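Dear colleague,

Please find below the structure I promised to pass on to you, followed by notes on what turned up when I went through it. I would be glad if you read the notes with the model open beside them.

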Amino acid sequence: MWRLSVSHWSLRCGRNTLLALAVACDPGSTPAPDPVIDSDPTVEPPGPQVEPLSPTQHLVRASLVLRGLLPSPDELRAVRDDPTRIEPLVDAWLESPEFLEVMKDLHAELLQVRADVIEPLPAKGPLAGRKLNELYEAHSEEPLELVRHVIANDRPYTEVLTADYMLTNEPLSIMYGLDYDPAGPAWQVSRWSDERPHAGLLSSAELWRRHESAGSNFHRLRANFIADTFLCADFANRDIAVSGEVTISDELEVAAVTRTDPGCVACHQALDPLAAFFWGFHRRFKGNFTARAYESGCDTRWESSPPTEYPPEVYCYPIKGWIPAEQQDWETWQLRPPAFYGHPGHDLRDLGAMIIEDPRFSQCIARQFYGWFTQQDKEEVPLSVAIALQHTFEDSGFDTKALARAIVLSESFRSYRALVDEPDQPVVGLQTIRPEQYARAVQDLTGFAWRVNADLPSCDEHVDAYGDRCWGEVDLMRSDLFGYRAMFGGITGNFVTRPTYTPTPTKELVAHRFAYEAAGHVVDHDLANPPPAARRLLTLVTPTTTDEPTVRLQLQALHLRMHGLFVEVDSPEVDGTWALFSDALTRHGDVRDAWKLTISALLLDPALMFY
Amino acid sequence: MSWSRRQLLTTAGALAFAPRLVRAARGGSSADRKLIVVMCDGGWDTTFCYDPKFSSPYIDGPWVDEDPNNPLDREGVRSYGDITITVNDLKRPSVSRFFERWSDQAAVVNGTWIGSLAHPPCRVRALTGSTLQTSPSFATIIGAELGASLPLGSIDMSGMAFTGPLAATVGQVGFQNQLKLLVKDDANFPPPLDGSIAYPQYLPTEDDRAALFAHLAARHEQLLARVDDGGFNARKLADRIESMARAQRFRTTGAEALDLLTLGAAPTLREQADLAVELLRSDLAATVSLNSGVFWDTHALNVGQHGLWEHLFDGLDHLMDRLTETGMIEHTTVVAISEMTRSPTLNLNAGKDHWPHASALLLGAGVIGGRVYGGTDERGESLHVDYATGEVDPAGGLVRYDNLAAGLVQLMGVDPGPWYREVVPYLPFAAGV
């Protein structure tokens, strides 16, 4: 029987005795067996519980998850001939720039900061004339670039909550008055220029612009967001009862009740001290605050319009996103002082340090990564899997790549169906391609990105208090305001905060139109007789090729390139695509039209839409 | 639910003959009941309308904004049948007008306990009747059941659809009506700034599309043969087939309705109402979810609620007119809902914060109108009610978000049992139950 090493397990409990940990560190709760966990070598392991993917299909899944790209034919052949080659390929992919983009995608979902349907900071003052998409990408990517930097430089993942620096690009440096070297890289290390303590994402301007705290909430929403995201300890999913005798619009009364009412204390004694760390940040900071501050000339107080907490000069560029004088305002409201589940702290640096020391952090990150990689909620990740990955993560020194590697090489990740009727059996069935994956894969295959000019004809004429509404160029698969990210199953970052892995009619409409455009693009390109090396998909045919043997050879190559499938020229797969091609050729009498329909079909094929 | 290869093939067969099915749908496989949901996101202040509290010393209602120098600016209480609401004919004339015209078809449901104070969990509770984002909304459940034979079960224009496992039945319009660009072949995307792409680069003919769908259906069969597990994998493939079939049917039958939408602008409530009626009338879906088009979260300057209520009832009045003109009112129910209401008293910014007691307005088919169901006390807290009558009754029970969601599902003739286990549906407002 498979089991955990008792000594290993006890050691982990002992290291964090002061910190709260319910299930994961309870020696009495033996997790279910999982092959990833260290095993007793003297005991015979059970027979297979899941049916694995073929090595090459495992490679396809790993490649799409780690890079958003399909493996190349050479990589597929290497693994077909020697399945052990998958590990060095995974290691190489973990060092690729595409992996860093995927890590940003993952964290964009965790942090919900890519939300173009929320008004961006405006093109005003020193940013007048800039396109809104440039400004939106500057501030929304700020926390994600920090994550990228940590992972790209092989820093411990814990640094995302402890870094004493931040990342900025040129427009962001203007927004917040940050040091920026125009001769340096587009995104470069800098520091917040106000007096905020530096603690990685905890000090992010954009994270707390996105997750605002209104009324008498007093930063509790932010505290809960951190607890849920990094400790998997959500306060908000519990029903709460508020007595009508509580004057909820009276901040002092609410603060008192949360300390004294038995129905409130249970949560608030942990939540409020977490929230106290965030005093100093604006409670709310919407894009139109800056616009309206410019409207008032940035030098007078607003007379009648909300919000009135800060003078307008705070909101004009460079924005003052941190108000040092408010850092201790929890005292003013008679709230609990900053603490982390009973451990007092002073500022965000203490909070970051205590979060990463809590074993719930490493297990939660393991859950978040495994859940994102396998398309399930973090709460649904089997405990055995979470604990095994937690150990891997901790033992590696919080190496993000080691965690990702462990996931994609695990038995459950390379499974596609269970062989036993065991509800807790970790199995990863058909995965649904995400909008980011599909966009990247299609661009890699066809060279097509769904770029449009999002400026309405009169966008620069309708200048209101906000400024103009010219967004410039937008990628429709990365936008919800103009495009189709959420309509393809992704999230909007505000109302839609969980992806949809079930196919939907809207997703099909998006996918079909995208596939048609991409197919038209690549066929026109490849059949325009570019140099052979410049061809993307149609490498074996010309605009006049119609003979069946050559077309079948081309189709065979396309199934390999676009689906990672090795098929024979007379296989059912090639029979099907040949039938589609030849039928279209007969009807249209045009090779290009026949290929455009066939490439569309291959882009919409279930072998690409699911993996 | 277990999915078999046979079920998949049956659905795939339907896909292959999609054009014929589209014609059949137009010929009369209409859903008997239709639903329109109007989501008022942000939290409305019900003291401005549904829940007058003039006698309460604990509540700051709209009267705190009255202009003492303007005799026309007066808040009052007016009864329409058995519905008593707060009115101000100067600031919110559309509210009075609406109830004058439609009160006999209107049911006000007050005092639903929502169980949270933050927007996201309250939205989830109000729309799904659960605490899980992965649960489908009551509109999605109703649409999936009533719209099984239609191109779509439900259509979301609110931007906050909760679809859960029923996602294959749901369509979305997009924040600026961008669905139109996918459905109408003559609506093209603007080229990128460098002019390197001219859209469309390829559009298949209808014959091409039919051939493509038949090919993809066959490919799903091939893949299923490889990965069939009688459950997760099979269901996912079947959902894709269903989604493709529904998408194709919507594209061929829904394009005309989308002419009502303007690209590049968020639709107003009136525009959404026009489209919703057209979508339902054309049997393109069984339910449509709208957004009120304004944000109700008045933490500062609660005086802004006057305009929000005026906007809402102007839109609802238009919606009821359209439903009546088209005869759709006979089998269409409208639910206007917000995820919470606002705190009893003003805060330091003259705004109001969150309050976990909700109200809903029900209109149209199947609703016993002219009445208020449930209530709140003088501090705005939900009161216990008799579940059978909806009368306030201390011996009765509290109406929770799940009770109301289950009741709305049952109101529409759909069994709430599979989705709301051990939840008592609350539906004293249902005619004929």
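Between them, chain B and chain A bury about 7600 Å², 59% of it on carbon and sulfur atoms, where buried area is the accessible area (1.4 Å probe) that two parts lose on being put together, summed over both. The contact (heavy atoms within 4.5 Å) draws on 97 residues from chain B and 93 residues from chain A.

Please bear in mind that this is a predicted model, in which local features need pLDDT of at least 70 and side-chain atom pairs count only at pLDDT 80 or more, while totals for chains, interfaces and linings use all residues. Residues are numbered from 1 along each chain as its sequence is written, chains are lettered from A and ligands numbered from 1 in the order in which they are written, and side-chain values use heavy atoms, with hydrogens and water left out.

There are 6 salt bridges between chain B and chain A, a salt bridge being a side-chain nitrogen of Lys or Arg within 4 Å of a carboxyl oxygen of Asp or Glu. One joins Asp239(A) to Arg125(B), with the closest N and O atoms 2.9 Å apart. On the side of chain B that touches chain A, the elements giving two or more residues include α4 (119-128), α7 (206-227) and α8 (232-254) of chain B, the helices being DSSP runs of H or I with at least four residues and the strands runs of E with at least two, numbered from the N terminus. The largest share of that side, 14 residues, comes from α7(B).

Turning to strand β8 (residues 332-337) of chain B, 6 of its 6 residues are buried, so the strand is largely enclosed by the rest of the structure; buried means under 20% relative accessible area, exposed over 50% and partly exposed in between (1.4 Å probe, protein chains only). Thr332(B), Val334(B) and Ala336(B) lie on one side of β8(B), and Thr333(B), Val335(B) and Ile337(B) on the other. Strand β1 (residues 34-39) of chain B pairs with β8(B) in the parallel sense over 6 bridges, pairing requiring that DSSP finds at least two bridges between two strands, and Met39(B) has Ile337(B) as its bridge partner. Strand β11 (residues 357-364) of chain B pairs with β8(B) in the antiparallel sense over 5 bridges.

Finally, Glu381(B), in the loop between β12 (371-373) and β13 (399-400) of chain B, is partly exposed at 22% relative accessible area. Leaving aside neighbours within four places in sequence, the contacts of Glu381(B) include Val242(A), Ser243(A) and Trp355(B).

With best wishes
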